[in-house]
Amino acid sequence: MPNKVIYEVRNVSKNYGAVVALDGASLKLHAGEVVGLVGDNGAGKSTLVKVLSGAHSPDGGEILLEGVERTWHNPKQALEAGIETLYQDSGLAPHLTVSQNVFLGREKFTKGIFGKLGFLAKKQMEAEAEADLQAVGIAFPSSNRPVSQLSGGQRQAVAIGRAVSWARKVLILDEPTNHLGARQAGEVLEVIKRAKKKGLGVIFISHTLPHVLEVTDRIVVLRLGKIVRDAPTSEYTADTLIGTITGTYGSDE
Amino acid sequence: MGNSIQDSQAPSLLDKVKTSFRNQSVLLVATLVILGVVFQIASEGIFLTTGTLATVLNDWGSYILLAVAQTFVVITGGIDLSVGSTVSLSSVVAGWVLVQGLHLDSSISGDAAIPYVLLAVLVALLVGLTVGALNAFLINILKIVPFIATLATMGAMSGMAIIISGGMPLQGPNDFNLGIPYTVFGVQLPISTTVLTVLIITVIAGLYLHKTRFGLYTYALGSNPFATRAAGISPARHITKVYMLSGGLAGLAGAYAYIRLGAGSPSNGAGMELYAIAATVIGGVSLMGGVGRIIGIALGTLVLFTVQSGLLMVKVVQVSPSLKQVIVAILIAAAVAVQTLQKNGRK
């Protein structure tokens, strides 16, 4: 890898009661690199995502951002450190508008006394949300429409646009092409490629293996909470990737 | 990028008509007009007068505060059943401080009573904020769902109100002029000082709900708590603020009740939570969270008052006051049914 390691977890573990969700997983992500994270249901992908995004604290192991050990007590700390996460199916508040979603948690206020009282700069945020999403390369309807009125593809576009436009170091995308048609999924993959060119480290979690093989530089395979293979994408074929995911005792549901 | 994502275009005229029928405010205004006409006829012409409006607003001012408070709570996806007993408790504690604490009685009235009335308002507000904080503690720390948490405080606070008051109204200093409608150049307005205060609070609350970050987070929490937390917002902190706002407004409603009656009574808030929830639901707030506008609440509250007060003025048949609760219950059921129909129509 030509670039420096931007985000790293070493030997992280997480148990839910008696269930071992993550068992000593280690992962390195370089700047400008797209790493695919794959595994069967229950392999620990979502848990690893939650550890990386600060939603869950690991029971053991280390998290390093640009070589410095960090501890996330909540997602806000990870966000403020430049790590953006797009969660599977639940990244947006459907009753809020596009711009309200894009700026959620980072609102801009009007100038003067009303801003101090918490009044929001609605027009400014709408204009900026529009510009940000366009810069990411995402077409979307008017930014003052509620997200609930958008189609599944449009929602996903907004969610990804939000994550890409705010991410400064790391972008974690959990199943971003789920429920999307071929054309919209293609657009999402283009957005990922552009994020990579911007120098972001991208973690791409997906069940859709052709997408993983197309867009990633490296693929990490999880099985039963452990990382069983971590190799450049060129070393996998569709068949060997499936074989690694299912393993000897894996099931394909 | 392709325009596949841009598949929805500007709404057609037909869509606009459909949308306005689904719009809660349009429905509510239509309902109000119909109710006004019906009651005007049934009351033989005494319903639509300034005097009636003044009486209605004065009687129902504290309910407006509770409806506003409930709006914020319900939009987060919660519910606050404790508001009625908070009204009782806060009015009783305010009365207790003046009567038992300061040994004052109702002989102090008019302007001389104003400092004591302000003290009563402050005490009632503090009691309300405390109950709100207690609700937030039960919900955030003990992880009890809002319905049960506030049901528990509802029972506890109404018991406390009876214990502190000894079951009797505590009559203290009061300036009844605060509740008397203003007369300007010989014309009676439907507005008194207390009603005006309530209306100002409602407008400010509306601005906060729709224009500020506080309101935005209220909607966000009710819409998708997971996304809200993922956006770096602390749900617990916002829940605390919202239930303290609800408690604080219930405390002010308790002060309103004290000023209206000149006494803190353990029955001041009895059953008020039902009306507060009814007003919000009729006003278009979804009990599922994330939906509702202050204009809808204002109209919903008006519909509720119109029905309640109008029934008392009907001359052709005598309507029993006990029937009012039944009618409120029917209105809640009807409002929720309309919401469901609107939602299904949208799909």
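Modeller: In chain A, six strands make an open sheet, ordered β6-β7-β8-β3-β9-β10, with mixed pairing. This is a predicted model: local features need pLDDT of at least 70, side-chain atom pairs count only at pLDDT 80 or more, and totals for chains, interfaces and linings use all residues. Residues are numbered from 1 along each chain as its sequence is written, while chains are lettered from A and ligands numbered from 1 in the order in which they are written.

Strands here are DSSP runs of E, at least two residues; helices are runs of H or I, at least four; both are numbered from the N terminus. Two strands pair if DSSP finds at least two bridges between them.

Axes are lines fitted to C-alpha atoms, for helices over the stretch in contact; angles run from 0 to 180 degrees between N-to-C directions.

Take β7 (residues 170-174) and β8 (residues 201-205) of chain A. They pair in the parallel sense over five bridges. L171(A) stands opposite V202(A) in β8(A).

Two helices of chain A pack on the sheet. Contact means C-beta atoms, placed from the backbone, within 7 Å. Helix α1 (residues 45-53) of chain A touches β3 (34-39), β6, β7, β8 and β9 (218-223). Its direction makes about 150° with that of β7(A). Helix α6 (residues 152-166) of chain A touches β6 and β7. The direction of α6 makes about 175° with that of β6(A).
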